[in-house]
Amino acid sequence: MLQDGNPADLFEAKGEELWKKARGPRNASLERCDLGLGPGVVKGAFVQLPRYFKDTGKVQDLESRLVTCMTTLQGIDAKDIVNGQWGRGERANTTALATWIAAQSKGMAFNLPQSNEQERVMYQVGKRLFYQRGGAHDFACASCHGEEGKRIRLQDLPLLTKNPGDGVGFAAWPAYRVSNGQMWSMQHRLNDCYRQQRFPEPDFASDVTVALGVYLGVNAKGAKSAVPTIKR
């Protein structure tokens, strides 16, 4: 029932416009942005991210890769995104772009590459972060998403260490959150998880969130992307 008239469609349309529009100090579009499958190739890119990029020498997820493209191609200051606020300015533009890009791979199966050593290292780092306990409540990601049958406030919590649970969890973001009327990217979802655990929130597009994305993404192998979805 929630899926009827998903407002995510509006963010998707905005993302497509932003991808094609000449913007920034260099008055350029993002149509030459390489998301891992070649400059400008969007279809299928989302379900293979995060992955290693030779030009940055780093493993990047969709949002951190967009920051790279927005800075190198358009001349937009990365600080406007990294130091911004959710739902505002260039960070909101990044979320809209991520929504449109992800939607181009809807129905495709996740298959994150693990051929590069850094990709494998990030998987192991993400795994350790997933099980790392701390904060005021001594929580870890695994406290909520490490066992079958977990619930919070009458809401089922997916198991994120394997399918099908990880397909319901990781593979369902970006999603429109009805509770606050915003589009949430995976970066936003992970940051809010840290907030709820009473941890300091990671920086936007930090290695912490990318590593968790690698761990969850590899675990979601074979699950089909349902993005953009709608969540309570």
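Modeller: Helices (H or I, at least four residues) and strands (E, at least two) are DSSP runs, numbered from the N terminus. The model is predicted, with local features requiring pLDDT of at least 70 and side-chain atom pairs pLDDT of 80 or more, while totals for chains, interfaces and linings use all residues. Residues are numbered from 1 along each chain as its sequence is written, and side-chain values rest on heavy atoms, without hydrogens or water.

I would begin with helix α1, which covers residues 8-20. Within this helix Glu-16 and Lys-20 are separated by about one helical turn, because they stand four residues apart. Glu-16 and Lys-20 form a salt bridge (a side-chain nitrogen of Lys or Arg within 4 Å of a carboxyl oxygen of Asp or Glu), and the closest N and O atoms of this pair are 2.9 Å apart. In the whole structure there are six salt bridges.

Beyond the helix, the loop between α1 and β1 contains Asn-27, and the backbone of Asn-27 has a positive phi, near 50°, in a residue other than glycine. Pro-50 belongs to the loop between α1 and β1, where β1 covers residues 51-53. The peptide bond that leads from Leu-49 into Pro-50 is cis, and its omega is near 5°.

A cis bond is also found elsewhere, between Trp-173 and Pro-174, with omega about 10°. Pro-174 sits in the loop that runs between α7, residues 165-169, and β5, residues 175-177.

On the α2 side, Leu-62, Glu-63, Leu-66 and Met-70 take part in the contact (heavy atoms within 4.5 Å), and on the α4 side they meet Glu-90, Thr-94, Leu-97, Ala-98 and Ile-101. Sorted by class, this contact between α2 and α4 holds six nonpolar residues, one polar residue and two charged residues, with Ala, Val, Leu, Ile, Met, Phe, Trp, Tyr, Cys and Pro taken as nonpolar, Asp, Glu, Lys and Arg as charged, and the others, Gly among them, as polar.
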